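I opened my notebook for a friendly look through this model. Here is what I looked up, entry by entry.

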Amino acid sequence: MDKNVLIQYVDMVEEIKDLRRRICELEKQIDRIKEEGAVKDTVSGGMGGTQHFVVEGFPIPEYNRKMMLLRSRKAMLEEKEAELLELTNQVEEYIGSIEKSELRIMFRLYYIDGLTWIQVAHRMNRMFPKRRISYSEESCRKRNARFFEEN
């Protein structure tokens, strides 16, 4: 296992967030269709097109399309979440195999928790307040790069 698995994990987490956002937007659109109920339109006809009639109806085709899309996206989300669970196990196993505890903590914070390197540095400084040289964004990033160069 290598760095690509960690990157794939982070990307998949973002993909699932995006999919959830899209599902939420679609649900709002469907709710709007239900609330508005009937759609009205004015048509001309009769007596040479001089009479106007108001036609009302529920937009069944649009509603059905959106419901089908919603079901499809929810199924895709379930599939992606199952993949993410498997990938999470692989990532945690990989990080757990790293010898140095300090690196394991850094990797969990960055790759699993999704923190930025500066947030990782702050968190590490809180965890290890008596460390002679404090952690910085750059030092955390360098330790990450060195680890993958060596392995």
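**Charged pairs**

I began with Arg21 and Glu25, whose side chains meet in a salt bridge at 2.8 Å, N to O; the term asks for a side-chain nitrogen of Lys or Arg within 4 Å of a carboxyl oxygen of Asp or Glu. Both residues lie in helix H1, 4 residues apart, about one turn of the helix. I then found Arg21 bridged to Asp18 as well, with the closest N and O atoms 2.7 Å apart. These two sit 3 residues apart in helix H1 (residues 3–36), so about one helical turn separates them.

I checked exposure next (buried is under 20% relative accessible area, exposed over 50%, partly exposed in between, with a 1.4 Å probe and protein chains only). Arg21 is partly exposed at 39%, and Asp18 is partly exposed at 28%.

Further along, I noted Glu137 and Arg141 in a salt bridge at 3.2 Å between the closest N and O atoms. They are 4 residues apart in helix H5 (residues 137–150), about one helical turn. Salt bridges with shared partners also join Asp18, Arg21, Arg22 and Glu25 into one network. My count of salt bridges came to 11.

**How I read the model**

The model is predicted: local features need pLDDT of at least 70, side-chain atom pairs count only at pLDDT 80 or more, and totals for chains, interfaces and linings use all residues. Residues are numbered from 1 along each chain as its sequence is written, and side-chain values use heavy atoms, leaving out hydrogens and water.

**Whole chain**

I saw that buried residues make up 30% of the 151 in the protein. The C-alpha atoms fill a box of roughly 90 × 30 × 25 Å along the principal axes.
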